[in-house]
Amino acid sequence: MSAYRSGPEKSAHDGDGVVEQVVRQFADPYAFVRELVQNAIDASAETVRIVVEEEPASAVRVEDDGKGMTLEIIRGPLLTLFSSSKEGDKGKIGKYGVGFMSVFALEPSRVLVETWRKEGSYRVVIGHDHEFEVRETTPRSGSGTHVTIVMGPDSPSGAEIRERVAESARRWCKHVARPVTVVSGGSEQRVDAPLSLRAPVVVESRSEDLVVLVGPTFGTERLPAEPGDVSNGDLAGFYAHGLTLLEATDTPPVIPGVRFKVSSVDLSHTISRDDVKRDAAYDRSMKLVGRLVSRDLPRALEAAQRGAAESFARTGRAGARELALTASAVRSLEPERVHVPLLEPFKGKDTATLARVLKTSEAARALLARERSPLTSALAERGLCIVRAEAEVELANDSIVDLLGLSGLPVPTDRFALAARHGAVDTRAHLLEAVRKLLRRLRSEIEVELVDVTAGKMDVVAAPATRIDEEHWLLSGEAGSGPRVVVQAAHPVVQRAASMSDARRAASLLARLIWVETQGLLPARGADTLLEAAMGDPP
């Protein structure tokens, strides 16, 4: 085959070390991965393979099935600095004609370029001294380009190259809209993925030439990590044709509390290749980001968190997404826009706003429970707000209610009890009948029922109660008095009184105890009446 050009290209390539100066502008020595993939995309490639070889020599080869290069492109844009066939082409990314020079960053012994298309097939060999030779080769079907970087004695080790090439591909090629595969050590790994954003909720705007994704930062740390994620914190990502232009996490254009990504064919990188160019396209995209952040994102977060709260209210189960949405809403929204899952309907709804729950809690009418019961239903019917807690985790251990700041709410069974009429005819029932007669002698309006507690706690012998129906009563642990009193049949004091041999004395003592626990001090006349009853005077 004939050689078209060979020998040192001092005037165009070397001179005062101009290649080295160009190479030094790339902050990442493995940026050649991005640059060669970029060239493949600009050449309309359908697939790109990045092959790392260690035998017979360490080398990296980027293969694409694009349209290949003509001899004119090889002689001009490829091998002449600052001459680009993409200059002024809106659909191309590289506009400075220096990207190919990044292949010399690892000080290779030589670089091989094989390219073919219908007009011809060519092989370019560039030595470590930047001398090059172009030869025509045997024609091949189809079209494409292979660029092989053969490492030299001063290049990094094979293991480091393998790891860094894969890392660079994941970093720079993460959203390329065609297969980009890294082949190394006998395995293949796809590094491309659709444009997406990891956040508790994402709002987006899509047009033909601009896509913007925006989400809240808070809560992201609770979501499963995804390949290529740079952090759980604030993020500003810019991409053109899926190639990364910039991913910032702590410097402008980062927006505090926000994660966003922008993809546009109009965006471009700076000449140093490590930043997005601040131009009209950038300004347009940032204006759209700002509008989504201020207007659409709060509404979307509220709707998503409300949906998560409603789902949790039904199931009692919370996954990573529900936790993330709750954490984000609490940090980002006003309490009036944050929704709390309820165990029982409250004012006809399965959720209530955090503001309402907090206000209800101040009035001691908000409780926390894991499971529905007759007690929680009875309390809800009487206007108490019953917040739902996870059934399988500790209340204050990374749970929904903990994130909402409600894990300290009292539990219904600690404050209330549900009782049913004691139906058995036994000594306790006879004892209570005698107690009722004594209370009538005291001219008390107290109605006394003997009950069995079916839910909750009742630590006292007798307590004021609210009738639910003919057979059931609701007891409050709060101090108070009322005409309707229930006596716990299973309480040790009642059991002991029922076992006393002197039934009159037992009834007198129990009547006195019921009065004191529900009414306060017994008047002197009442004390005399009970004493007389205990001594056996006829009623």
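Thr80 has a relative accessibility of 27% and therefore counts as partly exposed. In this predicted model, Thr80 is placed in the loop that runs between α3 (71–78) and β4 (108–117). Between Thr80 and Leu379 there are 299 residues of sequence separation and a C-alpha to C-alpha distance of 83 Å.

A contrasting threonine is Thr181, a residue of strand β8 (residues 180–184). Its relative accessibility is 10%, and because burial is assigned under 20%, Thr181 counts as buried. Apart from neighbours within four places in sequence, Thr181 makes contact with Val48, Arg49 and Ile50, and also with Glu188, Gln189 and Arg190.

**Strand β4 and its partners**

The loop holding Thr80 lies between α3 and β4. Of the 10 residues of β4, 7 are buried, so the strand is largely enclosed by the rest of the structure. β4 pairs with strand β7 (residues 144–151) in the antiparallel sense through 8 bridges, and Glu114 faces His146 of β7. Strand β5 (residues 120–127) also runs antiparallel to β4 and is joined to it by 8 bridges. Here Thr115 is set opposite Tyr122 of β5.

| Strand pair | Bridges |
|---|---|
| β4 and β7 (residues 144–151) | 8 bridges |
| β4 and β5 (residues 120–127) | 8 bridges |
| β10 (residues 203–206) and β11 (residues 210–216) | 4 bridges |
| β19 (residues 416–421) and β22 (residues 472–476) | 5 bridges |

**The open sheet**

An open sheet is formed by 5 strands in the order β10-β11-β14-β12-β13, with mixed pairing. The edge positions are held by β10 and β13 (243–248); each has a single partner strand, so one side of each is left without a neighbour in the sheet. From one strand to the next, the twist averages 10°. Helix α5 (residues 280–315) packs on this sheet and touches β10, β11, β12 (235–240) and β14 (258–264), with its direction at about 40° to that of β11.

At one end of the strand order, β10 and β11 are antiparallel partners over 4 bridges. Ser205 is opposite Val212 of β11, and a hairpin of 3 residues connects β10 to β11.

**Nonpolar cores**

Which residues have the most contacts inside the largest nonpolar core? They are Val214, Phe238, Phe260 and Val387, in a core of 52 residues. Helix α5 supplies the largest share of this core, with 12 residues. Beyond residues up to four places away in sequence, Phe238 touches Leu243, Thr244, Leu245, Leu246, Pro253, Phe260, Val262, Leu267, Val276, Tyr282, Ser285 and Met286. A second, separate core has 48 residues, among them Val37, Leu106, Val165 and Leu243. In soluble globular proteins, nonpolar side chains tend to be buried together.

**The closed barrel**

Another set of 5 strands makes a closed barrel, running β19-β20-β23-β21-β22 with mixed pairing. The twist here averages 50° from one strand to the next. β19 and β22 pair in the antiparallel sense through 5 bridges, with Leu475 of β22 as the bridge partner of Ala417. Helix α8 (residues 374–381) packs on the sheet and touches β19, β20 (447–456) and β22, its direction making about 105° with that of β19. Helix α11 (residues 427–441) lies across β20 and β23 (484–488) and runs at about 135° to β20.

**A helix pair**

Two packed helices are described by the angle between their axes and the distance between the axes. For helix α13 (residues 503–519) and helix α14 (residues 524–534), the axes come within 8 Å and cross at roughly 160°. Angles over 145 degrees count as roughly antiparallel, so α13 is roughly antiparallel to α14. On the α13 side the contact is made by Arg504, Arg505, Ser508, Ala511 and Arg512, and on the α14 side by Ala527, Leu530, Leu531, Ala533 and Ala534. By class, the residues of this contact comprise 6 nonpolar, 1 polar and 3 charged.

Definitions and conventions:
Residues numbered from 1 in each chain as written. Predicted model: local features only at pLDDT ≥ 70, side-chain atom pairs only at ≥ 80, totals over all residues. Heavy atoms only, no water. Pairing = 2+ DSSP bridges. Helix = DSSP H or I, 4+ residues; strand = E, 2+ residues; numbered from the N terminus. Axes fitted to C-alpha atoms, helices over the stretch in contact; angles between N-to-C directions. Contact = heavy atoms within 4.5 Å. Parallel < 35°, antiparallel > 145°, perpendicular 65-115°, else oblique. Nonpolar A, V, L, I, M, F, W, Y, C, P; charged D, E, K, R; others polar. Core = buried A, V, L, I, M, F, W, Y, C linked by side-chain atoms within 4.5 Å. Buried < 20%, exposed > 50% of the residue type's maximum accessible area, 1.4 Å probe, protein only.
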